[in-house]
Amino acid sequence: MPLDASKLLPPAILVETLTKRFDAHTALDAISFTVPAGQTVALLGGNGAGKTTTISILLGLLLPTAGTVKVLGYDMLTERYRVLPRMNFSSPYVDLPHRLTVRENLTVYGHLYGLTHLNHRIGRLAEELDLTGILTRPSGNLSAGQKTRVALAKALLNEPELLLLDEPTASLDPDTADWVRGFLENYRARTGATILLASHNMAEVERMCDGVLMMKGGRIVDRGTPADLLSRYGRDNLEEVFLDIARDRHQTEIVG
Ligand SMILES: Nc1ncnc2c1ncn2[C@@H]1O[C@H](COP(=O)(O)OP(=O)(O)OP(=O)(O)O)[C@@H](O)[C@H]1O
């Protein structure tokens, strides 16, 4: 039987009893989950469920109130510097400086990662992501689809082993969104990278993800493969499962 290398690696993400409070508000309430190396896992949940807070803590942008976060085997509180070069993220809510051209932005980020052969790397990503014609355009003047492709190029500059994506296809037309999903699937197949994505698009999650973490009110209220969840809730698609969870219609009421 062939050996599955991912089983020999530490989980890409290990989160134990992670809590985040903003003053009196508990945004994350002692959540625990694992993302095995090489898998694509979705964080799902309604507005305010805690998805962005989780991703921000995984990136080291927010400090947890309590709990443990290990990324690629290292503690994010004490050994962040070891893992940051091996991970990256993309979010439609984080804009690149508007006045810098696309090439200038990618160059600045490439230097932050200490990358060598940066022009070659930018040229290659520009070809893959169809950016060659807009490298000299100011980043502030791009369409949503172009901005998403530039943000992905930024996220892939260091060829990350772990990619965190906050709503990777938000505000894209169906054709561009489909292209982005295909691109990410190819990236994962080529590099063996792990992807954690927050999404409101259930079809995207069914297509791309091995695992789903359903969040609500700062807790993980259900989890499993998309197929597990469909069968447990007796539903045909994840959108219906999502609505069942959002509206507190429990599996037992639906199935049994
Ligand atoms: N800096 C902050 N200060 C105070 N409260 C915050 C802060 N950041 C997030 N919150 C609160 O924490 C909760 C979780 O927010 P978070 O942004 O993680 O949700 P989300 O699941 O990403 O939602 P959405 O789908 O709307 O992006 C929300 O109630 C939010 O108002």
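The views below show a predicted model.

**Figure 1. The aromatic pair of Trp179 and Phe183.** A search of the whole structure finds one aromatic pair. The ring centres of Trp179 and Phe183 are 5.6 Å apart and the planes meet at 20°, so the pair is stacked. Both residues belong to helix H6 (residues 174-191), where a spacing of four residues separates them by about one helical turn. Phe183 has 11% relative accessibility and therefore counts as buried, whereas Trp179, at 36%, counts as partly exposed.

**Figure 2. Lys154 over the rings of Phe89 and Tyr109.** The charged end of Lys154 sits over the ring of Phe89, 4.1 Å from its centre. The charged end of Lys154 also sits over the ring of Tyr109, at 5.4 Å from the ring centre.

**Figure 3. The shell around the ligand.** Residues surrounding the ligand include Phe22, His25, Ala27, Asn47, Lys51, Thr52 and His200. By class, the shell holds three nonpolar, eight polar and one charged residues. Strand E2 (25-35) and helix H1 (51-58) each supply at least two residues of this shell. Helix H1 gives the most, with three residues.

Figure 4. On its own the ligand has 640 Å² of accessible area, of which the protein covers 60%.

Definitions and conventions:
Residues numbered from 1 in each chain as written. Predicted model: local features only at pLDDT ≥ 70, side-chain atom pairs only at ≥ 80, totals over all residues. Heavy atoms only, no water. Phe/Tyr/Trp six-rings, centres within 6.5 Å; stacked < 30°, edge-to-face > 60°. Buried < 20%, exposed > 50% of the residue type's maximum accessible area, 1.4 Å probe, protein only. Lys NZ or Arg CZ within 6 Å of the ring centre and 35° of its normal. Near = heavy atom within 4 Å. Areas by Shrake-Rupley, 256 points an atom, 1.4 Å probe, with all protein chains shown as cover. Nonpolar A, V, L, I, M, F, W, Y, C, P; charged D, E, K, R; others polar.
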